Protein chains: 2
Amino acid sequence: MIDFDFRNPTRIIFGRGVIERLGPTVVEYGGAKVLLHYGGGSIKSNGVYDAVKRSLEGAGLEVIELGGVRPNPRLSLIQEGIKICRDNGIDFIVAAGGGSVIDSAKAIGVGVPYSGNVWDFYMDREIPVETLPVATVLTMPAAGSEASFSSVVTNDDGALKRPLDIELIYPAFSILDPETTYSLPPYNTACGISDMLVHVIERYFTRVPDVDLTDRLCEATMRTIISNAPIVLAEPKNYAARSEIMWAGCVAHNNLLNTGRIGDWGSHMIEHELSAINDVAHGAGLAVIVPAWMKYVCKHDPERFLQFAVRVFGVEQSFHDPERTIMRGIDALGGFFRSIGMPSTLAEIGIGEESFQAIADKVKKIDPEKRIVGNLVPLTNADIVEILKIAK
Amino acid sequence: MIDFDFRNPTRIIFGRGVIERLGPTVVEYGGAKVLLHYGGGSIKSNGVYDAVKRSLEGAGLEVIELGGVRPNPRLSLIQEGIKICRDNGIDFIVAAGGGSVIDSAKAIGVGVPYSGNVWDFYMDREIPVETLPVATVLTMPAAGSEASFSSVVTNDDGALKRPLDIELIYPAFSILDPETTYSLPPYNTACGISDMLVHVIERYFTRVPDVDLTDRLCEATMRTIISNAPIVLAEPKNYAARSEIMWAGCVAHNNLLNTGRIGDWGSHMIEHELSAINDVAHGAGLAVIVPAWMKYVCKHDPERFLQFAVRVFGVEQSFHDPERTIMRGIDALGGFFRSIGMPSTLAEIGIGEESFQAIADKVKKIDPEKRIVGNLVPLTNADIVEILKIAK
C-alpha cells in the first residue's frame, strides 16, 4: 500500500422520488440563481426535467437553462455556459443527465471565475482555484462523475479529449433516483455498465503490492455489477437491480477503491482517442479495448490476473496451468461484455487497421512531457498498435 | 435497499511518517491555538507525542495539553477540557490516541460553544449545532472514530454509557500512520480487531432486502480483517498487515458500508453495559456477546447467516443441511476470536449469572421512549438474558 491523502465530500441523496429534495438542498447550500444544464431530449420525455424544474422553482430559485450537451462534451457549449452564468449572475449549477452533462457543468463551474480560456485547465496550463458549486441529478449510471473529482472535455477544433482531475470539482451533492434509469435504452444501460466496470478494472490492475482491502472492495464492486447487469437488461424496471447498478457506478469512481494504489488507465487513454475519432460510446470502446489489453499485458503480472479470474469470475483454478486460468478469466470478461450487447472488435465500431498507427501516435503524443500510457505496464506506440491488432 | 443520505467529509492522510503533516494541515484548516488531547503514557513512550508536538509547534501553533483520557471516556475530563478551551481561546482540537481519546475530543468540541451541560447532547435533550474542529492522530485501529460521526461517553455518576451520532462531529481530518501501531500490545491489537470486525457485523445483519453491493463490501472488509489479524499478531512490525488493519478499521465505521441498510447494533447495546460495569475492553466484550447473539437470533434470518458462513468464512455449504452450515459459520467466528486471544465467555471477563437480569434491565431502560434493542430481531429483556446465558 502506498501513502495516500483521500477525501470525498460529495453528499449522495439516494432513493425513490428524491428529486423533490433538489431545490431545498440547493437553497441549503446557498444557491439563489441556478443554471440548469442538460443534454438532449431524454430528460424531457422521462419526466426528470419536469421534476427538476418543479423542485427548483418550488424552492424559490431562479432558473436559466442550457441544454444540448452531446456525448464527449464540447468546449464551445461550455464557453456558452460560462458566458450565460456571467451575464446572469448565476451562483449555482445543476447538471441533470449523465457523465457528459456533469463534466460539462464542472467545466462551466471552474470557467466562470477564471479570466482566461477554461481549456487552459484541461491542457495543464493553469490550475483552477475557484468554482461555482455544482450539484447533479444523475440519470445515467456510468461515468461516476456524480461523485468524482474528474471532468473530461473534448475540444471542438482538435478532436482532443482531455481530463481535469482536482478536488475542487467534487460536486457539492448528487441526487440519485434509480427510477430515473428505468427508461434508459438497453444499449445505453450496457455502455454505462461497461464504463463503471472498467473504472474498477483500471484501479484493480496495479503493480503496488499489499493492497488487500482495496483489492477485495474492487472485487465486491465488480461482482455486484456483473451479477446485476443481466437483471436490469431483462427487467428494466427492477428497482433493486437498478439501485445496485446506480450505487455501484458511483462507488466505482469515488476514489475510495483507489486508496493506497495506482491504477493503470492505459485502456482509458487508448479509448479516449477512439471516441474522439468517431464518437463511439465510451463504454462500447472500452469493452473492445480492455480484453485485448489484458491479453497483451497479463504475462507481466500473472498472479494478479489469476486473482482476477478466480475472485471476480469464479473461474476454477488450474493450479498446474495458471495460464489457462488467466485466459479463462479474460474470456469470461469478454463474454460478459458480449452478453450485455457490447461490441468485441474494432471492426464492429468502424475502426480499421489502417488507422491503428495514427491512433497509437495520438495516444502517445497528447502530452510530450507525460507520455506514460498505462502503469501496470507502460505502453510504447508499438505496444498500442499490437493491442489494437488483438482487438481488430 | 432503502433510501439514504450519505456524506463523509473527513480527510484521511495515510502512510509512513505522515504525522509531520499534522501542524501544517491544522494551519490550512484555520487553527491557531490547539488543545492536544490524549490518554495515558503510551504516546509518550512510542514517540507519537514527540512527533505530534514537533509538528504542531513547528507550524507555529500554540499548544495546550490535556492528557488522562481513560477507556470509556468520562464526562468529568470532558468538562475540564471544555473549561480549558474557553479559558484559553482554543480554536482547534487535536486528539492523539484511540477511540476513547477521539470520542472525548468530539465531546469537548461540541461542548465549548454550548452554554448548557454537554451531557445534554448524549441524553438526547439537545442537538449540537456548532463545534470546534477536531483532527485526530490515530494510534489504535478499533473504534473507527477517526472517520465517524459518533462519540460514546460515560457519565461518572451513573455508569451510563451513551452515544452521540451527528454529522457535525465528523473529524476535519485524520492522520493514520500504521507504524504508530507497531508498539500496541497483542491484547490491545486484538481488542481493536474485534471491535472493527463487529462494526461490520452489526451493519451486515440487516433485515433490509436487496443490499447486494454493501453486502459484498462488508464481506470484503471482514475477510481483510480476518486474514490480516494473525499476521499483525505474529509480526507486530509488518507494515503491510498493519496498514490493512488500520485502513479496514476506518472503512468499517465510516458509514459507506451502511448505505441503504439498517444495521442491528443489539450486541453493541448489550456490550456497552458490560463495559460500564467493569471497564472490560469493548472489543473483548463484543467477542463474548456476538457469537451468543448469533446463535440466539439466526433462526430469524437463516439465509443471511448462511451467506455469512459461506462468503465470509468460506464454509463449504451443506445444501441439504443449512443449519449445519450456519452453525459452522458462527463457530468459525468464535474460533477466530479465540485465535486472537479474545475471551469467549462472560465468566472469563468476570461477569456472573447473578447480574444477567440487571444487565438486561439496564440495556432496555436507558431510554424508555426508544427501547428497541436490535433491528434484525428486536430483543426483549428476556431475550437479552437468554443471550447472556448462552455467553456465560
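Hi everyone, and thanks for coming. Before we start, please keep in mind that this is a predicted model.

Let's begin with the pair as a whole. If you turn by 180 degrees, with a shift of 0.0 Å along the axis, chain A can be laid on chain B with an RMSD of 0.0 Å. That is the relation of a two-fold axis. Where does chain A come closest to the rotation axis? At A:Pro9, whose C-alpha is 2.2 Å from it.

Now to the place where the chains touch. The contact involves 35 residues of chain A and 35 residues of chain B.

Let's zoom in on the strands. E1(A) pairs with strand E1 (residues 4-14) of chain B in the antiparallel sense, and the pairing runs over seven bridges.

Next, let's look inside a single chain. Chain A is divided into domain 1, residues 11-180, and domain 2, residues 186-390. Taken over C-alpha atoms, the centres of these two domains of chain A are 27 Å apart. Domain 1 of chain A brings 19 residues to the contact between them, and domain 2 of chain A brings 24. On the domain 1 side of that contact in chain A, you will find twelve nonpolar, four polar and three charged residues.

What about the interior? In soluble globular proteins, nonpolar side chains tend to be buried together. Here, the largest nonpolar core has 267 residues. The residues with the most contacts inside that core are A:Val52, A:Val94 and A:Ala96, along with B:Val52, B:Val94 and B:Ala96. Take B:Val94 as a guide: leaving aside residues up to four places away in sequence, the residues touched by B:Val94 include B:Leu22, B:Val34, B:His37 and B:Val137.

I'd like to finish with a few loops. In chain B, B:Asn72 is in the loop between strand E3 (62-66) and helix H4 (75-88). Its phi is near 55 degrees, a positive value in a residue other than glycine.

You'll find B:Asn255 in the loop between helix H9 (239-251) and helix H10 (266-278) of chain B. B:Asn255 has 22 C-beta neighbours inside 10 Å, so B:Asn255 counts as buried.

My last stop is A:Gly30, in the loop between helix H1 (22-28) and strand E2 (33-38) of chain A. A:Gly30 has 10 C-beta neighbours inside 10 Å, so A:Gly30 counts as exposed. Along the sequence, A:Gly30 and A:Pro133 are 103 residues apart, but in space they are 9.3 Å apart, C-alpha to C-alpha.

Technical notes. Residues numbered from 1 in each chain as written. Chains lettered and ligands numbered in written order. Predicted model: local features only at pLDDT ≥ 70, side-chain atom pairs only at ≥ 80, totals over all residues. Least-squares fit on C-alpha atoms with pLDDT ≥ 70 in both. Core = buried A, V, L, I, M, F, W, Y, C linked by C-beta atoms within 7 Å. Buried ≥ 20, exposed ≤ 12 C-beta atoms within 10 Å, placed from the backbone. Contact = placed C-beta atoms within 7 Å. Helix = DSSP H or I, 4+ residues; strand = E, 2+ residues; numbered from the N terminus. Domains from an automatic or database assignment. Nonpolar A, V, L, I, M, F, W, Y, C, P; charged D, E, K, R; others polar. Pairing = 2+ DSSP bridges.
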